[in-house]
2 protein chains.
Amino acid sequence: MLDFNFVNPTQILFGKGKIAEIAEKIPAGSRVLITYGGGSAKKNGTLDEVLAALGDTTVFEFGGIEPNPTYETLMKAVEMVHTNSIDFLLAVGGGSVIDGTKFIAAAVLFEGDPWDILVQHGAGVKKALPFGSVLTLPATGSEMNCGSVVTRKSLQAKLAFLSPFVFPRFSVLDPEKTYTLPLRQISNGVVDAYVHVVEQYLTYPVNGKVQDRFAEGLLLTLIEEGPKALENPEDYEVRSNLMWVATLALNGLIGAGVPQDWATHMIGHELTAVHGLDHAQTLAVILPNLLTVCKKNKREKLLQYAERVWGIKEGDSDQRIDAAIEQTRNFFEQMQVKTRLSDYGIGKDSIPHLLAQLQAHGMNSLGEQNDITPELSKRILEQSL
Amino acid sequence: MLDFNFVNPTQILFGKGKIAEIAEKIPAGSRVLITYGGGSAKKNGTLDEVLAALGDTTVFEFGGIEPNPTYETLMKAVEMVHTNSIDFLLAVGGGSVIDGTKFIAAAVLFEGDPWDILVQHGAGVKKALPFGSVLTLPATGSEMNCGSVVTRKSLQAKLAFLSPFVFPRFSVLDPEKTYTLPLRQISNGVVDAYVHVVEQYLTYPVNGKVQDRFAEGLLLTLIEEGPKALENPEDYEVRSNLMWVATLALNGLIGAGVPQDWATHMIGHELTAVHGLDHAQTLAVILPNLLTVCKKNKREKLLQYAERVWGIKEGDSDQRIDAAIEQTRNFFEQMQVKTRLSDYGIGKDSIPHLLAQLQAHGMNSLGEQNDITPELSKRILEQSL
């Protein structure tokens with residue numbers, strides 16, 4: 001096992017009606033800015049439930065945070081915070097709203113150009129406004145971690161930052177709040193969580209036995225529950241399990257003490273920034289091909305994955321690895337997320353620009369061994385056509 | 001899945017040489033009281049390493065905290081804290097030292113009779129001194145939870161308290177610091193962690209899929225690594241895995257959203273208080289018999305345990321359950337912890353007093369369904385002879 005430091009101070013309030021507990025988690029007398037997305041939280045009543053729970057707290061609202069939240073939009077919220085002397089943020093939404101709120105929280109107190117928060121990947125963040133979240137879309141894990149991804153439209157750049165100052169103080173996970181999600185978002189969420197686990201699991205062995213067992217447990221649960229969520233959108237138990245899995249997939253625990261990959265995410269970010277694909281779509285396209293291209297380096301863990309997650313015991317090593325990769329792709333397709341660039345109308349002619357963007361963002365040595373060069377990224381993209 | 005609130009703010013510093021990082025985790029200018037046990041931390045150099053890491057911090061020392069720490073001893077430390085205006089505690093040791101330090105931290109700032117902290121199981125604790133820990137004995141999980149068990153010798157009482165104010169601020173987990181442990185403590189630690197997991201897992205099903213998978217992952221790792229630790233006491237990888245498993249076994253995560261039992265612990269505490277058995281010895285004696293006596297209520301989870309943890313697929317349901325309980329007992333014996341009261345010279349004549357002590361401590365309806373009556377506790381004890 002590798003050395004690690006691990007801490008995660010976010011409090012999780014899990015279950016039906018837990019929104020009612022938020023007022024006691026916010027300091028008395030706070031001036032709260034509620035941040036949300038395209039309006040579904042308003043339409044489906046979640047926002048009203050939040051307002052009711054906050055009682056006579058002074059509340060402001062900032063809606064319109066996009067999927068893949070943009071720097072341009074978030075900076076308007078930063079201005080609103082300053083103008084109204086806001087001292088607590090409350091994100092109501094999915095990963096994009098929470099990621100965006102983390103950026104707002106950090107940018108409000110950042111000295112210098114806020115874009116540097118992303119360019120420096122969070123290194124310069126020394127403080128942030130406190131905030132909580134009410135999660136409506138299980139997928140990214142942002143509700144219980146200190147990472148955030150923001151897109152700057154004008155630069156076609158999608159960059160991530162990490163800072164211990166942007167852990168949510170609390171996050172409400174009420175599975176019923178996910179009932180009204182479009183199936184596409186359920187599908188995307190399952191794929192997103194799955195790939196989060198894989199990025200921390202399918203690397204090289206360091207004898208992190210618990211981390212491996214936990215990762216496998218999360219993957220097995222996604223495989224069992226994901227398809228059920230599409231069939232029975234209002235099955236509370238299914239939604240509960242998916243919600244808790246998605247949070248645990250990226251709260252730092254399974255990645256503590258083991259190598260991490262994240263190349264699929266980095267290549268995927270460029271696909272979203274350039275072609276507008278959903279985040280999960282990019283992961284479903286890239287992961288199977290990345291595993292194929294990198295299977296030599298990932299050999300031992302791929303064999304473990306084949307056996308423990310997919311129950312594959314027949315055939316020689318290469319056959320078992322190929323079968324596991326194929327099962328992975330099939331699972332994404334079963335979740336109704338397409339796994340080829342051509343499915344999204346993207347052809348070979350797009351690859352040079354995607355590679356140029358990767359290089360422009362410093363992504364020249366990706367993966368757990370920093371050995372995914374631009375040449376390998378090219379092979380992965382070509383294989384993804 | 002059941003509703004739950006979960007938070008765990010303890011920072012883990014895991015790996016070789018991590019003691020060097022403690023100074024930056026303690027507020028500058030603190031007056032620190034280092035608490036430790038029987039002197040092994042002093043003999044094996046861990047205490048010196050801690051002192052070196054603290055540099056010119058003002059440090060006091062309080063040694064002599066016993067296994068099953070006593071109220072009588074801990075109250076002397078409370079006095080020392082007051083006398084010397086201590087404002088930060090640093091526990092160097094195993095679960096007993098950390099549990100004891102939690103009690104000191106709470107008692108120092110408690111208004112009223114400190115024994116009430118335990119009588120009220122922590123409900124009255126409103127604040128506590130901050131503290132950290134350097135773990136030398138993986139077993140109890142105390143390094144990353146907010147629970148503590150304290151014995152009052154004069155009353156033959158061993159009581160637990162829980163309070164969110166007594167999470168350690170940080171805990172150092174350096175597997176090398178466990179090399180010098182006597183094998184008996186390694187054995188005890190593995191059994192202790194195993195039973196912690198079982199108390200949160202072998203109850204009744206609530207469809208907590210991740211919690212189940214995580215619990216099974218911890219049990220499988222203990223079964224794989226425990227015996228190796230006895231064979232190769234200085235295998236870093238084995239020690240690393242056991243250390244991390246023991247912490248995760250009782251940091252609140254696998255118990256969030258599922259029923260919990262704890263009857264084995266409650267009955268075991270009386271055995272320690274009256275007969276002085278090691279904590280893990282009491283668990284190894286009680287658990288297999290409790291599972292047998294309660295197998296009707298635990299039927300579904302016992303079948304899952306048999307299959308997923310022990311790979312038992314042959315035989316009818318009762319045979320599979322009995323085989324899983326037998327495997328559990330065999331594992332404890334393999335870890336060199338005896339599983340019968342008679343192994344410790346305790347006979348039938350002790351049972352009435354043990355039952356009277358259980359009743360005196362309010363333990364009349366134990367277990368996840370509160371249905372372990374004194375009559376059932378009697379059957380469990382009789383079966384354990």
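**Domains, helices and symmetry in a predicted model**

In this predicted model, the C-alpha centres of domain 1 of chain A and domain 2 of chain A lie 26 Å apart.

Q: What makes domain 1 and domain 2 of chain A two domains, and where do they run?
A: The domain assignment of chain A gives domain 1 as 11-177 and domain 2 as 183-383.

Q: How do you know that domain 1 of chain A is in contact with domain 2 of chain A?
A: Residues count as in contact if their C-beta atoms lie within 7 Å. On that basis, 18 residues of domain 1 of chain A are in contact with 25 residues of domain 2 of chain A. Strand 7 (residues 157-162) of chain A gives the most to the domain 1 side, with three residues. That side divides into nine nonpolar, six polar and three charged residues.

Q: Why are helix 6 and helix 7 of chain A called roughly antiparallel?
A: The axes of helix 6 (residues 183-201) and helix 7 (residues 209-231) of chain A cross at roughly 165 degrees. Angles over 145 degrees count as roughly antiparallel, and the two helices of chain A are therefore roughly antiparallel to each other. Their crossing is left-handed.

Q: What residues make the contact of helix 6 with helix 7 of chain A, by class?
A: The contact has 13 nonpolar, three polar and one charged residues. Among them are A:Leu183 and A:Ile186 in helix 6 and A:Asp212 and A:Ala215 in helix 7.

Q: Why is the relation of chain B to chain A that of a two-fold axis?
A: A rotation of 180 degrees, with 0.0 Å of shift along its axis, superposes chain B on chain A (RMSD 0.0 Å). That is the relation of a two-fold axis. The same surface serves both copies, as 100% of the contact residues of chain B recur in chain A.

Conventions: Residues numbered from 1 in each chain as written. Chains lettered and ligands numbered in written order. Predicted model: local features only at pLDDT ≥ 70, side-chain atom pairs only at ≥ 80, totals over all residues. Least-squares fit on C-alpha atoms with pLDDT ≥ 70 in both. Contact = placed C-beta atoms within 7 Å. Axes fitted to C-alpha atoms, helices over the stretch in contact; angles between N-to-C directions. Helix = DSSP H or I, 4+ residues; strand = E, 2+ residues; numbered from the N terminus. Parallel < 35°, antiparallel > 145°, perpendicular 65-115°, else oblique. Left-handed = near helix turned anticlockwise from the far one by under 90°. Nonpolar A, V, L, I, M, F, W, Y, C, P; charged D, E, K, R; others polar. Domains from an automatic or database assignment.
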